[in-house]
Amino acid sequence: MLQGKKIVLGVSGSIAAYKAVFLLRLLTKAGAEVKVIMTPSAKDFVAPLTFSALSNNPVLIDFSTPDGSWNNHVEFANWADLIILAPASANSIGKLALGLCDNLLLATLFSASCPIYIAPAMDREMYSSESIKKNIALLTKQNRFIIPSEEGELASGLHGEGRMAEPENIIRFLNETIAKGLPLYGKKALVTAGPTYEAIDPVRFIGNHSSGKMGFAIAEELAKQGASVTLVHGPVKISTANTSIKTIAVTSAREMYDASVTAFNGSDITVMSAAVADYKPATTAKEKIKKSGDSIQLELVQNPDIIAELGKKKKANQLLIGFALETNDEVKNASVKLKKKNLDAIILNSMRTKGAGPGGDTNKITIIDKRNKTTNFELKPKIEVAADIVTYIIACLKK
Ligand code: CTP
């Protein structure tokens with residue numbers, strides 16, 4: 001969830017500032033770009049240099065800079081996808097709740113329209129005081145996300161509630177909150193990708209040129225939009241970047257069939273982009289077939305049509321989308337497949353379009369729906385094509 005996110009980490013004056021160092025490490029490890037803004041009193045607890053070295057960005061504290069220019073709080077606020085105030089001292093919480101703005105960090109917070117997360121950090125009596133409770137309630141009312149403080153030993157030596165949430169828990173809170181706001185949160189998706197290999201003997205097979213790139217890009221985009229994704233793929237040379245995607249590697253169409261039928265149960269969205277071999281050898285030789293004579297005969301038998309089988313099992317609330325790679329009469333052939341296999345939509349790509357189809361990094365698609373409505377897209381990188389497909393899916397689910 002935090003991959004590629006631009007984050008302002010606001011550090012205010014509290015002994016828990018040392019934990020913000022670990023939080024910064026976790027944020028950058030998760031792929032976020034972080035800029036740190038400290039309140040003047042925060043630098044009594046941790047040196048700005050520590051944050052600067054770990055974030056790879058200058059740390060900002062004051063409105064004015066030594067060269068006479070100024071740190072533009074509006075610019076930082078607009079740059080950020082989200083802001084985390086951790087630790088949030090009683091003083092900063094109070095000022096933020098009441099609209100007081102006497103430092104760069106507060107000015108940035110007040111200038112922001114992105115989500116703001118607040119991790120309070122203070123001693124037991126302070127945390128349980130009526131004023132702090134009131135201020136935290138005010139911030140909640142202002143749609144700020146409060147990351148609950150934790151119970152344990154406090155810097156004062158007391159034991160109780162008030163210490164800042166552990167950095168790992170802050171990351172968990174961020175991931176969960178961001179996921180809940182995504183359009184496909186709570187949805188399960190199944191994607192098939194890549195070719196299947198049908199064994200002739202222990203060393204030879206029937207296969208095709210599918211790289212799996214289109215299906216993998218769709219799986220990544222579905223996960224990015226909050227779906228919990230299962231990706232069933234044939235032999236490919238690529239891997240997923242998003243670790244939340246459950247991958248099931250298979251070789252043959254039969255194996256892909258078994259894995260897909262199991263995962264289809266409970267799947268809200270299914271996109272079958274795999275280039276499944278329609279036929280397989282009637283028998284697989286146990287030993288390597290030896291060269292003999294000028295020609296040999298290979299008998300092929302039909303593989304199960306996986307998507308057609310899912311089309312039969314499909315319930316009203318399940319969205320089933322197929323692919324069609326055609327060389328001629330493209331729209332007509334794809335529409336026939338859509339009906340025959342009981343799909344909700346089919347994504348057509350034509351081998352006649354330069355830059356489209358298997359293997360490459362680009363594709364040009366046409367989406368055809370059940371009512372024969374066709375939507376044409378430009379030739380673009382497969383990652384962008386995947387985004388178009390997922391936008392289409394989100395729109396379908398809203399209908
Ligand atoms: N498909 C499948 N199982 C198969 C064959 C195809 O699930 N045994 C799926 C593909 O993943 C794709 C759709 O069916 O989503 C259409 O695949 P395609 O190969 O274009 O269609 P076929 O029905 O195999 O027709 P043909 O090869 O004759 O064009």
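Because the model is predicted, local features need pLDDT of at least 70 and side-chain atom pairs count only at pLDDT 80 or more, while totals for chains, interfaces and linings use all residues. Residues are numbered from 1 along each chain as its sequence is written, and side-chain values use heavy atoms, with hydrogens and water left out.

Rings of Phe, Tyr and Trp (its six-membered ring) are taken as a pair if their centres lie within 6.5 Å, with planes under 30 degrees apart called stacked, over 60 edge-to-face and the rest tilted. By this rule the count is three aromatic pairs. One of them, Tyr117 with Phe145, is stacked, at 4.7 Å centre to centre and 15 degrees between the planes. This pair links distant parts of the chain, 28 residues apart: Tyr117 belongs to strand S4 (residues 116-120) and Phe145 to strand S5 (residues 145-146). Here helices (H or I, at least four residues) and strands (E, at least two) are DSSP runs, numbered from the N terminus.

Phe173 sits in helix H8 (residues 167-180), 56 residues from Tyr117. Together, Tyr117, Phe145 and Phe173 form one aromatic cluster. For accessibility, buried means under 20% relative accessible area, exposed over 50% and partly exposed in between (1.4 Å probe, protein chains only). Tyr117 is buried at 3%, whereas Phe145 is partly exposed at 30% and Phe173 is partly exposed at 22%.

Turning to the sheet, eight strands make an open sheet in the order S12-S11-S8-S13-S16-S17-S19-S20, with mixed pairing; two strands pair if DSSP finds at least two bridges between them. Strands S12 (246-249) and S20 (374-376) stand at the edges with a single partner strand each, so one side of each has no neighbour in the sheet. The twist averages 15 degrees from one strand to the next, where axes are lines fitted to C-alpha atoms, for helices over the stretch in contact, and angles run from 0 to 180 degrees between N-to-C directions. Within the sheet, S17 (residues 345-350) and S19 (residues 366-369) pair in the antiparallel sense over four bridges, and Asp369 in S19 is the bridge partner of Ala345.

Helix H10 (residues 253-264) touches S8, S11, S12, S13 and S16, and its direction makes about 165 degrees with that of S8.

Notes. Contact means heavy atoms within 4.5 Å.
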